[in-house]
Amino acid sequence: MGTDANGHRPAGSPAAGVVHRLAERHETLATVESLTGGLLSASVVEIAGVSGVYRGGLVVYATELKSALAGVPEELLAERGPVDPDVARALAEGGRRRCGADWGLATTGVAGPQPQDGKPVGLVYVAVAGPAGVEVRRLDLDGGRDHIRTAAVIEALRLLAERIDAAVPGPGAGVSRSGDGDAAPAAAARR
């Protein structure tokens with residue numbers, strides 16, 4: 001993996017850290033990506049044992065897919081555009097809900113090479129939706145397109161790790177197993 005927002009190479013794998021934490025807690029994860037275009041989900045699924053944790057993800061690069069697939073309100077997208085903290089929040093919540101996961105992790109921003117809708121290259125929002133609510137973090141990243149995308153993935157995973165560590169597992173959270181061995185998140189099982 002590349003470097004983080006400060007240009008440092010992370011010690012260990014940020015993805016492995018969150019996958020192992022979630023496995024210990026019997027909780028699940030979904031991702032929704034815009035600027036990272038699948039890089040976040042790829043970093044998660046390369047970890048051994050992820051199948052008990054990762055529910056799936058959405059790559060919603062086109063603005064209209066953010067609404068159609070991830071449930072971001074069309075009015076919000078029309079008013080503010082896709083690079084916005086409330087859009088990041090809606091992406092994380094939408095991924096969590098649509099994939100039936102305990103946690104939703106989202107990325108949106110401008111990787112470049114050109115500004116988008118008046119937003120500068122390097123402006124990124126990462127968001128985590130979990131049992132206790134949603135947190136959004138703004139990143140102002142320097143460097144080229146590859147660095148911005150990689151740093152966004154690292155910082156999204158760090159934010160998720162922080163939120164997992166701060167969360168207390170709630171009653172009914174986690175994975176329930178049916179008799180045929182299929183795993184389903186508790187959130188989906190309660191529906």
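Guide: A salt bridge here is a side-chain nitrogen of Lys or Arg within 4 Å of a carboxyl oxygen of Asp or Glu. Keep in mind that this is a predicted model.

Visitor: Okay, what makes the meeting of glutamate 135 and arginine 163 a salt bridge?

Guide: Their side chains come to 3.3 Å, N to O, and the cut-off is within 4 Å, so the pair qualifies.

Visitor: Which parts does that pair tie together?

Guide: Glutamate 135 sits in strand S5 (residues 133–140) and arginine 163 in helix H6 (residues 145–166), so the bridge links parts 28 residues apart in sequence.

Visitor: Why is glutamate 135 called partly exposed?

Guide: Its relative accessible area is 25%.

Visitor: How do you know whether glutamate 27 is buried or exposed?

Guide: Glutamate 27 has a relative accessible area of 1%, and buried means under 20%, so buried it is. Its salt-bridge partner is arginine 25, with the closest N and O atoms 2.9 Å apart. Arginine 25 comes in at 17%, which also counts as buried.

Visitor: How many salt bridges does the structure hold?

Guide: The structure holds 11.

Technical notes:
Residues numbered from 1 in each chain as written. Predicted model: local features only at pLDDT ≥ 70, side-chain atom pairs only at ≥ 80, totals over all residues. Heavy atoms only, no water. Buried < 20%, exposed > 50% of the residue type's maximum accessible area, 1.4 Å probe, protein only. Helix = DSSP H or I, 4+ residues; strand = E, 2+ residues; numbered from the N terminus.
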